[in-house]
Amino acid sequence: MVSNRQVMAMLDELVELTTLDEGSPQSFKVRAYERARRAVENLGREVARLEPKEIQGIGGIGKSIAASISEFCETGRVARLENLRSKYPAAFRELTRIPGLGPKTVKMIRRELGVESLDDLLAALADHRLRDLPGLGATSEAKIARAVERLGLAGKDRRTPLVSALPIGETLRRDLSRLEGVEAVEVCGSARRFRSSVADLDLVVAADPSRWSEVMDTVAAHPLVEETLLSGTTKTSVLTRGGLGVDVRVVAPSQLGAAMLYFTGSKAHNVRLRQLAMEQSRLLNEYGLFAEGEDRPVASETEEEIYAALGMDWLPPEIREDAGEIEAALDGRLPRLVTVGDIRGDLHFHTDRSGDGRSSPMQMVEAAIRAGMEYVAITDHGEDLAINGLSRAEMEAHRREIARLGERYPEIELLFGCELNIGADGDLDYDADYRLGFDWCVASVHSHYDLAPRRQTERLLRAIADPAVSAIGHLTGRMLGRRPGIELELDPVLEEMAAREVALEVNGALDRLDASPEVVRRAVAAGVMLVVSTDSHHTTELRRMSYGVSNARRGWATAESVLNTLSREDFIARVRSGRLPRGLHRAGQIGTSVEVGGDGQPRRMRDLESGPRRGWRKPGRSLS
């Protein structure tokens, strides 16, 4: 049965393609598909079980879209979507993800220059042909060329953002797992190592050999698949409708561990393991670890067995990059990386009070409780963020609602927070005294991405120095595959964060994964505390925590280096003990340092020094 998530993905694609076709994200058709997508997202039951008449009217879904949803649930396809895919192939749609190339612009360069793909665009840029088109010019042409370069699209080895690839892998894994005789399906390759982008997807299927042909046939006939490139007894390679290559290998269950190890990589990690095996007079390949001259493997069924036979502990996939992990494992120095089970709170959390939020405060709080959170900082946008931000009056009403929810749900600590917008010069929302009335503030860049690195660094340093700021959110502001993010001088930023004990967020949104693993590792080494956050705007997005944790693990983060692994009691004690702002929303908990007038407005703040915060526990041994 088609899941709600698959229906939402179908509607997301219709939004994208209809925006391109109509030339505007504000067209009636685009907004209708967006409303339908939100309606399915908020539906408390499976839409595939409903009749077209039942679907029609849910959340404003009209007759035409209801029919399309029913068609998709029954056949896995939608005629309108197929027509739009033909009109705008994946290679052409890729162009719309480049900053500076909106729907109208890409259609103009297609019409005027015959540009149908990234290769065509690169050729047009090389010949300086864009500058002669209406509304562009040399400056716009240079910005587009720079965006292509920074997104890594100009090289031979183009990659697909994980946010696009992982849902495809998860869908294939789920559907193949349902087949009779299949014991396990694992997404391997770069996706399992949780790289932010992949060259292709690798799936390993452990199944009874009598069922291997059925697995191959199922892959070839899957609704996501556009074309079969190669088909064999144990391997098939296909191309998805979005242009992503997928390789599926079928093995006997006894070979699963060896296949997973081999096809997870990285190539450099595997080379080192094979060298280690050779030093022990053994052979390591995708079928197992073999003693010299022997046909029966020493180990093959699980990765743990293979690593143990080589004399080391199992290595988490996220760090298999030949970046010191093998030496650490051989010497018994491998740190215990942070896990989802270590996380006790979420410190970047939106509700529909923000213009871009889609679930009410109560719904978000209840979702956090179901997710096992002990505390949550509700951080809706500040007033400086156009459209999405809250005025001071709206924020005060929000404060009172959070207080009521805190009384209703005592099992969770609700912090009255804010996501402050970092302006071009580092200025923040509201005035300085008002900012200090929040329990927790995450400050983030949302605009001015093209400033010079020195100016970006200066704006961040100014924000970090503000005593209200608890953490810096999504450091570079990147959107994977669509926006490269700001360029900055990292060392002075990390030094200032460590000195003032401002935490660095590891944002779990798949299209952000910001900070990058490289930055995470350098931050931990510099003594900067991390917070892994979901940046959720809807109850369904709390699953982002696992993505954020995986990204932090790629940066070798341990539980000791992540602030929100602290228990509720320890976290609140930490907030009370340092320079962090004091809360207002519930007497006797966090709030002690602010006098409040009859209208609920803060009247006087404790004089807080601008130096380093006191009382924060430093992270453990840094990694080098």
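This is a predicted model: local features need pLDDT of at least 70, side-chain atom pairs count only at pLDDT 80 or more; totals for chains, interfaces and linings use all residues.
Trainee: How should I think about nonpolar side chains, buried together or apart?

Mentor: In soluble globular proteins, nonpolar side chains tend to be buried together. Here, the largest nonpolar core has 59 residues. I472, M497, L504 and L530 touch the most other members.

Trainee: Which residues is L504 in contact with, leaving aside its neighbours within four places in sequence?

Mentor: The list includes I472, L475, M497, A515 and V519. A523, V528, M529, L530 and V531 are on it too. Another core, of 50 residues, lies apart from the largest one. Among its members are Y33, V40, C73 and L151.

Trainee: Now the charged pairs. How many salt bridges does the structure hold?

Mentor: It holds 50. Take R93 and E13, whose closest N and O atoms are 3.1 Å apart. R93 sits in helix α6 and E13 in helix α1, 80 residues apart. R93 and E13 are both buried. R93 also forms a salt bridge with E16, at 3.3 Å. That pair ties together parts 77 residues apart in sequence, because R93 lies in helix α6 and E16 in helix α1.

Trainee: Is E16 buried, partly exposed or exposed?

Mentor: Partly exposed, with a relative accessible area of 24%. For R93 the value is 8%, and R93 is buried.

Trainee: Where do R553 and E318 lie?

Mentor: R553 is in helix α23, and E318 is in the loop between α15 and α16, so their pair ties together parts 235 residues apart in sequence. Their salt bridge spans 3.1 Å, N to O. R553 counts as buried at 12% relative accessibility, and E318 counts as buried at 9%.

Definitions and conventions:
Residues are numbered from 1 along each chain as its sequence is written. Side-chain values use heavy atoms; hydrogens and water are left out. A nonpolar core is a set of buried Ala, Val, Leu, Ile, Met, Phe, Trp, Tyr and Cys residues joined through side-chain atoms within 4.5 Å. Buried means under 20% relative accessible area, exposed over 50%, partly exposed in between (1.4 Å probe, protein chains only). Contact means heavy atoms within 4.5 Å. A salt bridge is a side-chain nitrogen of Lys or Arg within 4 Å of a carboxyl oxygen of Asp or Glu. Helices (H or I, at least four residues) and strands (E, at least two) are DSSP runs, numbered from the N terminus.
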